[in-house]
Amino acid sequence: MYLKPKDKTGERKVSMGVTCVCQIPVTEGKSVQQTVDLLHKKLEQLGAVKQGSFCVDCETYQSTGNAAGQPSKLLYVMHNSEVPLSCMALFEGGPCLTADTNFDVLMVKLKSHFQNAKGHKVECRGSRYRYCDFLIKVGTVIMSSSARGISVEVEYCPCVVPGDCWNLVREFMQSFLGNNVPELPTVFAAKPEGLFAPADCVDTMTQYLELFNKLRKLQITGSNVR
Amino acid sequence: MEQLMIIISTLPIDLDFVLESALESLLHRLRGLCDNMEPETFTDHELVYLLKGQQGNPFILRARHSLSHPTAPWHLRYLGQPEVGDKSRHALVRNCVDVSASHSLPDFLNEMGFRMDHEFVTSGHIFRKGAMKVLVCNVSRVLVPGNTENTERMSLSYLVELSVLAPAGQDTVSEDMRSFAEQLKPLIQLEKIDPSKQRH
């Protein structure tokens, strides 16, 4: 695992490198699983080595205490197997919190104020590949027990500043995604300090959340995904 | 993981003009009785948040962070209502959930709908004996919300609190706590606080 050098307080922090999460469309005439298998093959041809599996999940909670007529706030609680002792809680477009997994126990205590929309649970599971300094995760996004889409996460481990490595990350992604290569994630451009603010786990989870919400909306409008 | 917090506290005792020497005797005795370690002091800022629901009592959460170690994570604690159990039990038992959290905690709690009810700064000494934690501390009022530089001691007294975190279901440690408390007499008299006398 890559370790950042000790910072001013003398603490050594373990952090994620710059990470990009994007959605890959299902190949014409193929199933979700077949498209995932094709991506695995391309990665293996490049020389990437499979290193276990990963899981990112997201639960949705709805606040019960809102005044009549006001839309209920949605609170998302997410977990990432890369950081198994942590839990990330986010309000879309709002503040986010990184906490330990006891936060899930606290949400159970809060059930009369925040209802768990159980039907909205999303899981993204798949294989983890390592290629030199990159970590690549190809996932199948599952909602209500059915596969809704494909995610690809690429992390460039040695660097935490998007502005310093985005071109390199993009070039690497192009080598196995071809035309499906994404644009610079909005989460990096939207920061007050711009592209030179260090990226963290919350940025990764925000990208997953955007992907999950986009897939959920696609399903409602009844388009492409089998 | 849910735990139980088992507490015996003093009602604040007036040390008045024998303040320093009485405190010193207590600290000296605690150093002797407790685990051998470097004396540890702390200065923490605690904010108590309430979430008012459509019915019932408001949900209370306590957010605490260290003023002496500002980069350390925040600590969020939920304490349930005191458990109604064996009245002869010597200590107060409450369900407890502790969460370590990032520095965005206050903003996040506000977004969840929690509102800060009150805040205070507490500083003092911490001792341990096995699983037991002993705190000897004073409490200061924060005069301007959010400004922890400008505080005022609430009284000249010190609060002494003896507590243990035990796995849910195991509250038999209160007997050990009672016998430890006996060893602190007559310097201080530790008692189970009557929950009906407390506001929270």
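Chain A of this predicted model comprises 5 helices and 9 strands, assigned as DSSP runs (helices, H or I, at least four residues; strands, E, at least two) and numbered from the N terminus. The order of these elements from the N terminus is β-α-β-β-β-β-α-β-β-β-β-α-α-α. Residues are numbered from 1 along each chain as its sequence is written, and chains are lettered from A in the order in which they are written. Because the model is predicted, local features need pLDDT of at least 70 and side-chain atom pairs count only at pLDDT 80 or more, whereas totals for chains, interfaces and linings use all residues; side-chain values use heavy atoms, without hydrogens and water.

Of the 226 residues in chain A, 46% are buried, that is, under 20% relative accessible area, with exposed meaning over 50% and partly exposed in between (1.4 Å probe, protein chains only). Contacts (heavy atoms within 4.5 Å) in chain A between residues at least 6 apart in sequence join residues at least 24 apart in 59% of cases.

In soluble globular proteins, nonpolar side chains tend to be buried together. A nonpolar core is defined here as a set of buried Ala, Val, Leu, Ile, Met, Phe, Trp, Tyr and Cys residues joined through side-chain atoms within 4.5 Å. The largest such core holds 32 residues, of which Ile136(A), Val152(A), Val154(A) and Phe176(A) touch the most other members. At least two core residues each are supplied by S1 (18-24), H1 (32-46), S8 (134-143), S9 (146-156), H3 (162-177) and H4 (186-189) of chain A. H3(A) provides the largest share, 7 residues. Beyond its neighbours within four places in sequence, Phe176(A) contacts Leu39(A), Lys42(A), Leu43(A), Leu46(A), Ile136(A), Val152(A) and Val154(A). Another core, apart from the largest one, contains 30 residues, including Phe91(A), Tyr49(B), Leu51(B) and Trp74(B).

The contact between the chains involves 24 residues from chain A and 25 residues from chain B. About 2,100 Å² is buried between them, 67% of it from carbon and sulfur atoms; this is the accessible area (1.4 Å probe) lost by two parts on being put together, summed over both. One salt bridge crosses the interface, with a side-chain nitrogen of Lys or Arg within 4 Å of a carboxyl oxygen of Asp or Glu as the criterion. The side chains of Lys73(A) and Glu111(B) form a salt bridge at 3.7 Å, N to O.

On the side of chain A that touches chain B, S4 (86-91), S5 (96-100) and H2 (102-109) each supply at least two residues, and H2(A) gives the largest share, 6 residues.
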